[in-house]
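Trainee: I would like to go through this model with you, one question at a time. Where should we begin?

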Amino acid sequence: MRMKKYDIQDFDEYTCMYNSYLVLTGKSSHEELLEKDLGCAFIFNPTRKYVPMEDDVYDILIEYFNSIEKYEICKELRDSKTVAKLLINFQSF
């Protein structure tokens with residue numbers, strides 16, 4: 001399996017952000033996205049357990065989608081972030 005070689009000019013910011021949104025909200029796994037496109041990108045490492053509040057990817061994505069007026073996606077990200085924080089707090093008991 002060979003990955004495509006990409007130049008920065010080939011980078012698609014929207015797709016990268018959208019892929020990250022799909023993984024964080026549980027709508028898709030990174031494996032499923034990689035099966036469709038070996039060159040897909042994320043703004044975080046999807047193979048590592050993500051902890052909200054450390055390098056808050058949720059906030060970066062919310063800011064990005066807000067700037068392009070995708071408000072429904074912003075709402076889903078806010079809700080997912082809340083659930084993720086609750087799960088982390090619950091697991092620490």
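Mentor: We begin with a definition: the expected span of a helix is 1.5 Å times one less than its number of residues. Helices are DSSP runs (H or I, at least four residues), and strands are DSSP runs (E, at least two), numbered from the N terminus. The model is predicted: local features need pLDDT of at least 70, side-chain atom pairs count only at pLDDT 80 or more, and totals for chains, interfaces and linings use all residues. Residues are numbered from 1 along each chain as its sequence is written, and side-chain values use heavy atoms, with hydrogens and water left out.

Trainee: How far apart are the end C-alpha atoms of helix α1?

Mentor: Helix α1 covers residues 13-24, which is 12 residues. At 1.5 Å a residue they should span 16 Å, and the distance in the model agrees with this. The end C-alpha atoms are 17 Å apart.

Trainee: Which residue with a positive phi follows α1?

Mentor: At the start of α1, a side-chain oxygen of D12 comes to within 3.3 Å of the backbone nitrogen of Y14. After α1, the phi is positive, near 75°, at G26.

Trainee: Is D56 buried or exposed?

Mentor: Buried means under 20% relative accessible area, exposed over 50%, and partly exposed in between (1.4 Å probe, protein chains only). D56 is found in the loop between α2 (30-36) and α3 (57-67). Its relative accessible area is 12%, so D56 is buried.

Trainee: Which residue forms a salt bridge with D56?

Mentor: A salt bridge is a side-chain nitrogen of Lys or Arg within 4 Å of a carboxyl oxygen of Asp or Glu. The closest N and O atoms of the pair are 2.6 Å apart. The partner lies in helix α4, 25 residues from D56. With 10% relative accessibility, this partner counts as buried; the residue is K81.

Trainee: Which residues are linked with K81 in a network of salt bridges?

Mentor: K81 also forms a salt bridge with D59, with 2.9 Å between the closest N and O atoms. K81 lies in helix α4 and D59 in helix α3, so this pair ties together parts that are 22 residues apart in sequence. At 37% relative accessibility, D59 counts as partly exposed. The network links K81 with D56 and D59.

Trainee: Why are K75 and D79 separated by about one helical turn?

Mentor: The side chains of K75 and D79 meet in a salt bridge, 2.9 Å from N to O. An α-helix has 3.6 residues a turn, so residues three or four places apart point the same way. K75 and D79 are about one turn apart because their separation in helix α4 is four residues.

Methods: A polar contact is a pair of N or O atoms within 3.5 Å; within protein, one must be able to donate a hydrogen and the other to accept it, and residues adjacent in sequence count only if both atoms are side-chain atoms.
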